[in-house]
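Subject: Structure handover

Dear colleague,

I am passing the structure below on to you, together with a written account of what came out of it.

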Amino acid sequence: MGSTQVGIVRDLAKYPPQDPSAKKDLYNAAWELLYSTESAQDTAQRLYHGHVPLAMAQTGIDLNLFNILAEQQDKEWTLEQLAEKTKAEPALLYRILRCLNAYGMVTQTKDNTFTSSNITKNLALPSTHAGIKHYSLTMTPAYNAIPKYLAKTGYKNPTDSAPFNLAYNTDMPVFEWRKHNPENAKAGQAFMAAQRIGQRSNWDGRVPVSDLQLSEKDVADGRVMFCDVGGGMGHQCLDLRKYHPELKGKMVTEDLLLAQDMIPNREEMKKLDIEPIPHDFMKEQPIKNAKVYYLRNVIHNWNDEPSKVILSSVRKAMADDSVVIIDDVLMPTIGATWKQASMDMAMMTMLAAMERTKEHFEKLLAESGLKLREVHTYDEEYGDSLIVAVPA
Ligand SMILES: C[S@@+](CC[C@H](N)C(=O)[O-])C[C@H]1O[C@@H](n2cnc3c(N)ncnc32)[C@H](O)[C@@H]1O
């Protein structure tokens, strides 16, 4: 019986379903299987060595190993060939490759021969490189400080400082600290830019845009249709124009001057009636009566008090028919996935911030003079949602 079950699991591992949703279901079920069969020793060993895969992935990237292997998918490389390519000492390279094989990141075919695995190609992507660099360089020391920080601060939700501050022995908030730590800043920026590469736009038909429709009079009066608060480089405005060219009216993207200095395509934006306006969202909102105020991945960067400052300033600028759309993860009250819960921990660790449930958003909105009207979840896996609010 046991061996039949093992055979089924092994067959599934060898020939997984090709349909993306069936594949995802199997992936999630495999995690459940792993936990339900784990012995005490397995649990201990898994946690003790939790840092090893990330460190080895970073080492493999530094040696360009994954790209070498992924470029010729089925080629079997001898240790000597890989040592020549990477310039690593063969004895060390063998240990690295043995470990990468043990974690599924490459495949060892014979004693001294290696080829790519299903995961190698994922580790050859520039977006994965950016994330691994940011997490191994900056995030890991901050995560390590969590237990000490929480004990020191009496197990209260962090508000004024975060484990990051203890880890790096600084009073500065992370974005300020980055100005003095260019390697971390570069890795952080690259990660932010790479994070959404390949992801579908949320404006591609999965969410209604009826709130963005202006009357002819509004258009004639020059009313702002879409004000992207903390909009970074204005990419959401560009996406919205691309997927909904029928929407009439001006768009504004607001961010700190520092962030807007990096906007690469101002001319294109101008042609599309998108105006970048430098603005600190902790201060009075300069764009009054916009039809929609939009905040993507902004509120989850802040805990409740600063979030209320941001939302209240938007509220004061709103007309009766204006709408606020918060684009953030909506955390489930039960069964948050490890990806969702880890993102919440990342927010706490670096920014003393958090991901929120619907109930939490309702309270936050109410305390900012707003009320939740509806929620559109457009990515079930992560819980990415548009949280639509109107004046209370
Ligand atoms: C996680 S990013 C999200 C950017 C964009 N909304 C997106 O979804 O890609 C947070 C943004 O908030 C901006 N930001 C931070 N503090 C700010 C402030 N006080 N006023 C305006 N923007 C700010 C940052 O520069 C950054 O672009």
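What follows goes from the overall architecture to the ligand site, and then to a few individual residues.

Please keep in mind throughout that this is a predicted model. The protein has 392 residues, of which 43% are buried, and its secondary structure consists of 19 helices and eleven strands. Taken along the principal axes, the box filled by the C-alpha atoms is roughly 75 × 50 × 50 Å. The accessible surface comes to about 21,400 Å², and carbon and sulfur atoms account for 56% of that area. When contacts between residues at least 6 apart in sequence are considered, 65% of them join residues at least 24 apart.

The antiparallel pairing of β1 with β3, which covers residues 113-116, runs over two bridges, and W77 has F114 in β3 as its bridge partner.

The ligand site may be the part you wish to inspect in detail. There are 14 residues around the ligand, and those that come nearest are G230, H235, D255, F281 and R296. By class, this shell is made up of four nonpolar, seven polar and three charged residues.

- G230 places a backbone N or O atom 2.8 Å from a nitrogen atom of the ligand.
- D255 has a polar side-chain atom 2.7 Å from an oxygen atom of the ligand.
- D280 has a side-chain N or O atom 2.9 Å from a nitrogen atom of the ligand.

As for cover, the ligand taken alone exposes 600 Å², and the protein buries 81% of that area.

Away from those pairs, E374 is worth a paragraph of its own. E374 sits in strand β10, which spans residues 370-379, and its side chain makes a polar contact of 3.2 Å with the side chain of H376. Once its neighbours within four places in sequence are set aside, E374 is in contact with L386, I387 and V388. E374 has a relative accessible area of 29%, so it counts as partly exposed, between the limits of 20% and 50%. The C-alpha atom of E374 is separated by 20 Å from that of V229, a residue 145 places away along the chain.

K87, although not a glycine, has a positive phi of about 70°; K87 is placed in the loop between α6 (79-86) and α7 (90-102) and is exposed, with a relative accessible area of 71%. Y155, likewise a residue other than glycine, has a positive phi near 55°. Y155 lies in the loop between α9 (146-152) and α10 (163-167), and its relative accessibility of 63% is over the 50% limit, which is why Y155 counts as exposed.

Conventions:
Residues are numbered from 1 along each chain as its sequence is written. This is a predicted model: local features need pLDDT of at least 70, side-chain atom pairs count only at pLDDT 80 or more; totals for chains, interfaces and linings use all residues. Side-chain values use heavy atoms; hydrogens and water are left out. A residue is near a molecule or strand if one of its heavy atoms lies within 4 Å of it. A polar contact is a pair of N or O atoms within 3.5 Å; within protein, one must be able to donate a hydrogen and the other to accept it, and residues adjacent in sequence count only if both atoms are side-chain atoms. Accessible areas come from the Shrake-Rupley method with a 1.4 Å probe; for residues, only the protein chains shown count as cover. Ala, Val, Leu, Ile, Met, Phe, Trp, Tyr, Cys and Pro count as nonpolar, Asp, Glu, Lys and Arg as charged, and the others, Gly among them, as polar. Helices (H or I, at least four residues) and strands (E, at least two) are DSSP runs, numbered from the N terminus. Buried means under 20% relative accessible area, exposed over 50%, partly exposed in between (1.4 Å probe, protein chains only). Contact means heavy atoms within 4.5 Å. Two strands pair if DSSP finds at least two bridges between them.
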